[in-house]
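Biologist: I'd like to learn how to read a model like this one, feature by feature. Could you walk me through it?

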Amino acid sequence: MAAEAEYPFPMVLRIKCTDFGASDDADWTVPSSISFLNVIDVLTRLIPQIVPSAFDYEDEDGDRITVRSDEELAAMIEYYFWRCDQLNTKSVHLEIFPKGQRQGVKRNWQSLTVNPKASPTATGDSTRNGSGGSRDRKKSADEFQALVSTGQANPSDLAYLDVLGQGNGGIVYKIGRAVQ
C-alpha cells in the first residue's frame, strides 16, 4: 500500500551510506506515491553489500525511530513536513540510517542446529545452587553418552571442562579432550 499524498514541496531523504563503506551519503528526492518496499528497493540498490530490512530516522529530540512498515513510513513523512513547517523551510534533509544484515556473512559459522523435539534438561547447576545433585550429573552424563554415540568421539577422549551458561533450554558445557 503506497502512501499517496500531494506534497507541498519535494521531500528529500539523505541516505546514510558511509556506514557501509560508501564514500558519500546519497540524497533522494522522494516521489509523491511511495511505499515502504519502494524505500527498501532504493536502499538495496544504493548499498548492495547489505540486505536492508528497515531504516531509522532521528526525531527532533535526537531519538532514533525505526520504520518497518507503510504505516510507520506515513508517520515519518508526516513528521518530515511538520518539521519543515516548524523550521519555516522547504529544504530539510531528513537523514535515514539503513538497517540490515551484511551479505556474505555466515551467521551460523559452526552449523549448529536445534532439536525442537529434545526433552528439556534440568536448568540448575548443582555446584552453584546446591540442588539437583547427582540427578543433574546423571542426566548430563546421559546426554554426553548420546553425543558420543554418533561415533565421532569416544567418551574416554572427552571431559567436561566448564559450565558456559544455563537457561530454560538447559545447560551449555565446555567440553575438551580428556587428560590421558
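This is a predicted model: local features need pLDDT of at least 70, side-chain atom pairs count only at pLDDT 80 or more; totals for chains, interfaces and linings use all residues.

Biologist: What is the phi of N88, and is N88 buried or exposed?

Modeller: Phi of N88 is near 55°, a positive value in a residue other than glycine. For accessibility, buried means under 20% relative accessible area, exposed over 50%, and partly exposed in between (1.4 Å probe, protein chains only). N88 has 72% relative accessibility, so N88 counts as exposed.

Biologist: N88 follows α2. How do I check the span of α2?

Modeller: The expected span of a helix is 1.5 Å times one less than its number of residues. For the 18 residues of α2 that should give 26 Å, and the end C-alpha atoms are 26 Å apart, which agrees.

Biologist: Which residues of α2 are buried?

Modeller: They are D70, L73, M76, I77, Y79, Y80, F81 and C84. C84 is at 1% relative accessibility.

Biologist: How do I read the largest nonpolar core, and which members touch the most others?

Modeller: A nonpolar core is a set of buried Ala, Val, Leu, Ile, Met, Phe, Trp, Tyr and Cys residues joined through side-chain atoms within 4.5 Å. Here the largest one has 30 residues, and F55, M76 and I96 touch the most other members. At least two residues of this core come from each of β2 (11–15), β3 (26–30), α1 (36–46), β5 (50–58), α2 (70–87) and β7 (93–102). The most come from α2, with 7 residues.

Biologist: What does M76 touch?

Modeller: Contact means heavy atoms within 4.5 Å. Leaving aside residues up to four places away in sequence, M76 touches M11, L13, F55, Y57, V67, L94 and I96.

Biologist: And where is P98 found?

Modeller: P98 is found in strand β7, and it is buried at a relative accessible area of 8%. Beyond residues up to four places away in sequence, its contacts include I15, F20, L43 and F55.

Biologist: Now charges: how many salt bridges are there?

Modeller: Side chains of opposite charge can pair when their charged atoms come close. A salt bridge is a side-chain nitrogen of Lys or Arg within 4 Å of a carboxyl oxygen of Asp or Glu. The structure holds 6 of them. In one, D27 pairs with R14, the closest N and O atoms being 2.7 Å apart. D27 lies in strand β3 and R14 in strand β2, so this pair ties together parts that are 13 residues apart in sequence.

Biologist: Which salt bridge does K99 form?

Modeller: K99 pairs with D56, with the closest N and O atoms 3.7 Å apart. This pair links distant parts of the chain, K99 in strand β7 and D56 in strand β5, 43 residues apart. K99 counts as partly exposed at 30% relative accessibility, whereas D56 counts as buried at 8%.

Biologist: How many disulfides does the structure hold?

Modeller: A disulfide is a pair of cysteine sulfur atoms within 2.5 Å, and the structure holds 0.

Note on methods:
Residues are numbered from 1 along each chain as its sequence is written. Side-chain values use heavy atoms; hydrogens and water are left out. Helices (H or I, at least four residues) and strands (E, at least two) are DSSP runs, numbered from the N terminus.
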